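Here's a quick briefing to read with the structure open beside you. Have a look around first, then work through the points below.

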Amino acid sequence: MIPFPDLAPKRPRPSMVGLGERLAKSKPSGPPTIEGIARDIAQDGFHARPHLDALAKLLEDAVDDVANDRRSRKIVVSMPPGQGKSQTASVALPIHMLANHPRWNIGVISSELTLATKFSRDARREAPMHNVKIAPDISAVTEWETTDGGGLIARGVGGSLTGRRLKALIMDDPIKDPRRAYSEKERKALWDWYQAVAKTRLAPVGLSLCVMTRWHEDDIAAQLIKAGWEEFRLPALAEDNDPIGRAPGEPLLTPQAAETPEEALARWAQEREEVGEHVWAGLYQQRPAPAGGAIFNADHLIDAPEDLDLSIGTWITSWDLSFGGNGDYTVGTVWQRTPELYILHDVIRGRWEFTQQKAAIVRTAARYPQCSRHLVEKAANGAAMVNVLHDDIPGITPIKPLGGKVERWQACTPLMEARKVATVGGSWLQDVVGEMAVAPNGAHDDILDSWAQGLNWLRLRIGGVIETGPPPTPARNPLRGVKF
């Protein structure tokens, strides 16, 4: 996947004198604009884009409404990763507000304090170049003030905001990852914190902003929109009534590199192929689809207990191998079965040739030595893989699939409906949910095949003996002869 981070890579910064001369030549006289500040921050790595101009204009109008006590403004901004939204909304916007209204207090909130601190540090570093006078005695990266008494505080979700009445609240990426987005418990905790803490610190007339990409149809953005917030939604590919006037299907162009519309379409097509339709709908089109597909409902998944005992139960890996080069994925899933739960600990996924598949299985077996079985479907490369690794990995077990894949999937759903299937979460969770949401019509279902194979093997052994370690068969070093 081609990375397109929200913030342009930082180049060596020129001296203060040189930068001041450049700004004096390039900036028009008068108060600094959000769009101008964003360009100055990014320097040569910035490419002007209509969607960022439109976002900057929307935010400047909102600041003007608040400054003149016309009305409070509450806005949800959603667009794909890597489109410059954070640089505009969480760095340039605070500088613009403090340059024009140095007595305002601004809160910048992110899923974790480290991210909010980065936004605060970037804004503090750039602010003096845009006529913001910073008080020397209060200038920590998480909390700094202007000489007029305003300033910025950075907090992580769940942190305290006491002591400041905020004129502006910016929540940028308040959801850290797919695990939290798909967790009902985490979504509720975020909403409760916003209602009890963040919302209560706002001035009677103020600006509230939520900037994020979307994973779940009931995330905080959805709840805020239901509560009456404005929505500025920019999908990767334009749909009807596009807010910046694009024709349906027209792409967003990245501000991080020079590209033509044709190149952007090719880039988005590659992203779409790699992430799947469910993730594409949410993370890229900002229109998250329900997690419940025709067979699976991913909302039935629960979080693994925080006090989970990793030393108990049966541990296995389950492998669905592809023929190398056919475009399908090889997938391994790692499971722990306790008396109460079936817990997914890891998903290993890649488009690999036979030797790479072998290395992945060996690496995973070494990483999870508590696994007593390594299930390998006998289809595709499976039979050959079992033969090759039989003497090297204890417990490698060929599995002959019974019935069709839909029947095997459906056999798992009662466990999910009973809230007996849990995950520890990870970046792979969005791939799991993505396949579930579109099954049986998705382009890829390799995770579901590995999932069902492992879960059904464990399910059928509920009344049997729980295996607690590798079978007592002689084994050579599983790392022997494998290059990493």
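At what angle do helix 11 and helix 12 pack, and how far apart are their axes? In this predicted model, helix 11 (residues 354-367) packs against helix 12 (residues 382-389) at about 55°, with 11 Å between the axes.

**Helix packing**

- The angle of about 55° between helix 11 and helix 12 makes helix 11 oblique to helix 12.
- As for handedness, helix 11 and helix 12 cross in a right-handed way.

**Salt bridges**

- Another salt bridge joins the side chains of K185 and E306, at 3.9 Å from N to O. It links distant parts of the chain, with K185 in helix 7 (residues 184-198) and E306 in the loop between strand 9 (302-303) and strand 10 (314-320), 121 residues apart.
- K185 is exposed, with a relative accessible area of 58%, and E306 is exposed too, at 77%.
- D449 and K405 also meet through their side chains in a salt bridge, this time at 3.2 Å from N to O. D449 belongs to helix 16 (residues 446-459) and K405 to helix 13 (residues 405-410), so the pair ties together parts that are 44 residues apart in sequence.
- In that pair D449 is buried, with a relative accessible area of 12%, while K405 is partly exposed at 30%.
- Salt bridges with shared partners also build a network: D64, D65, R70, R71, R73 and E230 are joined into one.

- Where is E271? Look in helix 9 (residues 261-275).
- E271 is buried yet has no salt bridge.
- What E271 does have is a polar contact with Y284, side chain to side chain, at 3.0 Å.

**A buried serine in a strand**

- S110 lies in strand 2 (residues 105-110) and counts as buried, at 0% relative accessibility.
- A polar atom of the S110 side chain lies 3.0 Å from the backbone oxygen of D172.

**Backbone details in the loops**

- Which residues does a cis peptide bond join? The bond runs between A439 and P440, and omega is about 10°. You'll find P440 in the loop between helix 15 (429-438) and helix 16.
- D69 isn't a glycine, yet it has a positive phi of about 55°. Its place is the loop between helix 3 (50-67) and strand 1, where D69 is exposed with a relative accessible area of 52%.
- N131 isn't a glycine either, and it has a positive phi of about 65°. N131 lies in the loop between helix 5 (113-126) and strand 3 (134-140), and it is exposed, with a relative accessible area of 59%.

**A pair separated in sequence**

- A418 sits in the loop between helix 14 (413-417) and strand 15 (421-423). With a relative accessible area of 43%, A418 is partly exposed.
- How many residues apart in sequence are A418 and L301? The answer is 117, and in space they are 9.5 Å apart, C-alpha to C-alpha.

Definitions and conventions: Residues numbered from 1 in each chain as written. Predicted model: local features only at pLDDT ≥ 70, side-chain atom pairs only at ≥ 80, totals over all residues. Heavy atoms only, no water. Salt bridge = Lys/Arg side-chain N within 4 Å of Asp/Glu carboxyl O. Helix = DSSP H or I, 4+ residues; strand = E, 2+ residues; numbered from the N terminus. Buried < 20%, exposed > 50% of the residue type's maximum accessible area, 1.4 Å probe, protein only. Lys, Arg positive; Asp, Glu negative; His and termini not counted. Polar contact = N/O pair within 3.5 Å; in protein donor to acceptor, adjacent residues only side chain to side chain. Axes fitted to C-alpha atoms, helices over the stretch in contact; angles between N-to-C directions. Parallel < 35°, antiparallel > 145°, perpendicular 65-115°, else oblique. Left-handed = near helix turned anticlockwise from the far one by under 90°.
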